[in-house]
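Here is a short report on how one protein chain is put together. Read it with the structure open beside you.

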Amino acid sequence: MMEKQLWHPVIASTEVRDKPVGVSLLGEALVLWREPGHEGATGVVHAWSDRCPHRGARLSLGRVLNHLHGSRLECPYHGWQFAGDAAAEQSASACARCVHVPAAPEFVPPVSHTATAFEAREAHGLIWVRLMKPEAIVPPLPDGLTEPPAFEPWTDSEWRQLLCGPYEVNTSAPRLVENFLDLSHFGFVHEGWLGARSHAQVETGQVQEGAEGLQANACKAWQPRGYAGADGGAWVAYRYTVPHPFAAVLRKDATEGDPVSNAIALFIRPDGAELCTAWFAMATLGDLADDEELRSFQDTVFAQDRPVVESQVPKRLPVHKSGSVGEVHSPADRMSSAYRRYLVRLGVELGVC
Ligand code: FES
Ligand SMILES: [Fe+2]
């Protein structure tokens, strides 16, 4: 499954502190745990299979130990201790080695006494995990997909960063991405918020399709209130990028009369073919609304999308023309058609039909 070779967000970074946390990704139960930090720096995060190799207990019920020779994860059942070795986890999938068996303290555990470790990274307020190295894949993955997707405004200290979510949604990740790229629902689903029925026409702009994903500039929609704190309506121009099959970034630059620059990234954890969990990583420059207002604006907008998106049949996105379900298009759907072609080019199987 090519999706196992992509980086996926699994949980907000702030949710993993001094206790191990269980989370599931593509049917794989994972335990995430963080090494205690030193001198104000946060410790490294590990993502292992949530199963003790001794008797199969859930490691996420265990404890993090700060040992003299490095941090360890202790199994809840017989207290076996597994050593974290971030360097080894980045280069090889074998680590998470058992280093101590309390009931047999003289025993030196062999290599077979090892939990399964995966690569983990932190980016944009989230922990990202890759279940499989992209070695065996043909055609090879584009360069942009060998790392978690880039989101520049989040790394720029001048911008304010805010993570909204998680939103668990009863649909496929591709349906949700397509909804995020779709301007022409604004006047109906978000009437009075992001659009108006009386100004339903949109401009789809120029869509560029390449190996690295999609890019669209000068997409325009009329908005009565395009951002928290705005008053009065106007045409608003957006730029979109799709750097990953289950992620998309929307940017709105400040213009004369509107001092706010916004960037919103949709990051999705695929929980299955028809279930996913989403976060919005928001970065703003010049927005006077406080974090709570921005978050509640985003929650409101998403609550408007949810019933419609969850009502779509089928829940998987029909990308194959030969598939049993056809959908028809209008000229306003240029982005969504490009997105469907991108998924087909990459060979994405999860959440499509
Ligand atoms: S099951 Fe984990 S130590 Fe026995
Ligand atoms: Fe929407």
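**Two domains**

The model is predicted. Its chain is divided into domain 1, residues 2–130, and domain 2, residues 155–346. Taken over C-alpha atoms, the centres of the two domains are separated by 34 Å. The two parts touch: twelve residues of domain 1 are in contact with ten residues of domain 2. On the domain 1 side, two elements give two or more residues each, strand S1 (7–12) and strand S2 (21–25). S1 gives the most, with four residues. What kinds of residue make up the side of domain 1 that touches domain 2? Seven are nonpolar, four are polar and one is charged.

**The seven-stranded sheet**

Seven strands form an open sheet. Walk across it and you meet S11, S17, S16, S15, S14, S13 and S12, in that order. The pairing is antiparallel. Which strands sit at the edges? They are S11 (160–169) and S12 (206–210), and each of them pairs on one side only. Neighbouring strands are turned against each other by 20° on average, direction ignored.

Now look at the S12 end. S12 and S13 (residues 213–223) run antiparallel and are joined by five bridges. One residue pair to find is Glu-209 with its bridge partner in S13, Leu-214.

**Helices on the sheet**

| Helix | Strands it meets | Angle |
|---|---|---|
| H5 (residues 291–311) | S11 and S17 (275–285) | about 30° with S11 |

**H3 against H6**

H6 has a helix partner too. H3 (residues 173–181) and H6 (residues 334–346) pack at an angle of about 150°. Their axes are 9 Å apart. H3 passes H6 in a right-handed crossing.

Which residues meet in this contact? H3 brings Pro-174, Val-177, Glu-178 and Leu-181. H6 brings Met-335, Ser-336, Tyr-339 and Leu-343. By type, the residues of this contact divide into six nonpolar, one polar and one charged.

Definitions and conventions
Residues numbered from 1 in each chain as written. Chains lettered and ligands numbered in written order. Predicted model: local features only at pLDDT ≥ 70, side-chain atom pairs only at ≥ 80, totals over all residues. Axes fitted to C-alpha atoms, helices over the stretch in contact; angles between N-to-C directions. Left-handed = near helix turned anticlockwise from the far one by under 90°. Contact = placed C-beta atoms within 7 Å. Nonpolar A, V, L, I, M, F, W, Y, C, P; charged D, E, K, R; others polar. Domains from an automatic or database assignment. Pairing = 2+ DSSP bridges.
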